[in-house]
Amino acid sequence: MARRSYHFTSESVSEGHPDKVCDRISDTIVDAHLAAVPEARVACETLATTNRVVIAGEVRGSADIDAEAVKRLAREAVRDIGYEQEGFHWDNCDIEVLLHEQSSDIAQGVDSRENKDEGAGDQGIMFGYACRETPELMPAPIHYAHKILRRLAEVRHAGTEPALGPDAKSQVTVDYRDGQPVAVSSIVLSTQHLDETLESADVRRIVEPYIREVLPESWISSDTVWHVNPTGKFVIGGPDGDCGLTGRKIIVDTYGGAAPHGGGAFSGKDPTKVDRSAAYAARYLAKNVVAGGFAERCTIQLSYAIGVPQPLSIFVDTQGTATVDEAALEKALGQVMDLSPRGIRQRLGLNRPIYARTSAYGHFGRDPEPDGGFSWERTDLIDAISDAL
């Protein structure tokens with residue numbers, strides 16, 4: 001029997017975290033190619049360290065997006081995040097571009113031909129998840145860890161809190177009783193600050209009102225343990241303090257450890273890569289299952305083989321909360337949506353420049369946007385699932 005009372009912790013990192021700087025640059029390059037050529041192929045990896053950015057990978061897209069254009073895009077991304085410090089500055093950091101053409105061996109397996117539909121860009125397993133812990137149908141710990149950092153980023157960008165720097169991490173431990181989140185037992189917040197004279201207590205006075213603002217009021221009590229900048233001074237932040245890499249925060253990107261992750265990163269990849277698009281499709285299906293009342297929580301796994309259009313398997317696990325037969329649900333989900341790479345992209349409108357915005361604060365639990373951003377968060381499949389069942 002599943003435990004009903006326990007503590008569970010998830011972490012988030014801000015847009016200025018070294019790894020997230022790299023995710024942002026990689027996704028900005030994906031967006032540029034998709035804006036120019038909607039069927040572009042991009043696999044872009046970024047490394048960032050003290051005043052240096054290295055961008056590598058494979059591309060089949062617009063010839064107009066040359067090395068100089070890529071450098072310009074990278075600088076604009078770093079500037080938007082807010083890095084203008086001595087050890088990492090958008091205007092003078094050294095940027096090296098090592099992008100080259102996509103492998104023809106990979107292209108022959110992925111591209112469609114007269115007798116073959118477009119295949120998956122790689123083998124792999126992808127997971128989607130949804131639950132009723134928050135209105136966004138996300139696990140509470142990761143949802144609130146993200147909300148804390150998004151709020152701090154808002155007031156930093158607005159100039160309301162000029163002492164805060166771009167680099168930050170949060171961690172929220174939620175107390176579950178009878179299977180429901182009811183309180184926060186501990187909060188960890190480490191944020192870069194630009195004023196070297198600030199101590200931990202000073203930083204807490206700055207950030208605590210915003211943390212209380214985004215958490216449910218009844219969840220914080222005198223028993224809640226706070227750790228704000230527990231190591232003390234945090235002035236050197238971002239890639240100057242720690243090397244960053246694309247795709248190194250995949251649990252932050254998804255469900256904070258409350259659900260499985262297939263292993264593949266999202267950022268820097270165009271939507272023919274099922275690491276990204278099939279994970280979005282799995283979340284889309286899981287969210288519609290829960291939103292439609294077919295289960296209280298739902299994990300979906302999809303599996304693919306390189307060059308093969310349709311998934312090899314669809315697995316549904318509702319942890320005993322389903323109101324319908326899980327095997328019937330698996331069959332229904334395969335009927336209501338074409339889960340080939342092309343089918344996913346068409347259903348969710350993924351061949352658009354909508355990815356830079358996903359690079360921080362999670363790919364899931366966000367509001368669908370008018371231009372197609374976060375389309376996988378829609379709940380427009382409920383009637384189709386019901387009919388298929």
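## Annotated positions

UniProt positions here follow the numbering used in this structure, with shortened feature names, and annotations may be inferred rather than shown by experiment. With that in mind, the unreviewed UniProt entry lists Glu 58, Gln 102, Asp 242 and Lys 273 under "binding site". These residues span 216 residues of sequence and are spread in space too, with up to 30.1 Å between C-alpha atoms.

A quick word on the source: this is a predicted model, where local features need pLDDT of at least 70, side-chain atom pairs count only at pLDDT 80 or more, and totals for chains, interfaces and linings use all residues. Residues are numbered from 1 along each chain as its sequence is written, and side-chain values use heavy atoms, leaving out hydrogens and water.

## Gln 102 and Lys 273

Helices (H or I, at least four residues) and strands (E, at least two) are DSSP runs, numbered from the N terminus. Gln 102 sits in the loop between strand 6 (94–101) and helix 3 (104–110), while Lys 273 is in the loop between helix 6 (250–253) and helix 7 (274–291).

Buried means under 20% relative accessible area, exposed over 50%, and partly exposed in between (1.4 Å probe, protein chains only). Gln 102 counts as buried because its relative accessibility is 15%; Lys 273, at 15%, counts as buried as well. Leaving aside residues up to four places away in sequence, Lys 273 touches (heavy atoms within 4.5 Å) Arg 41, Val 42, Ala 43 and Gln 102.
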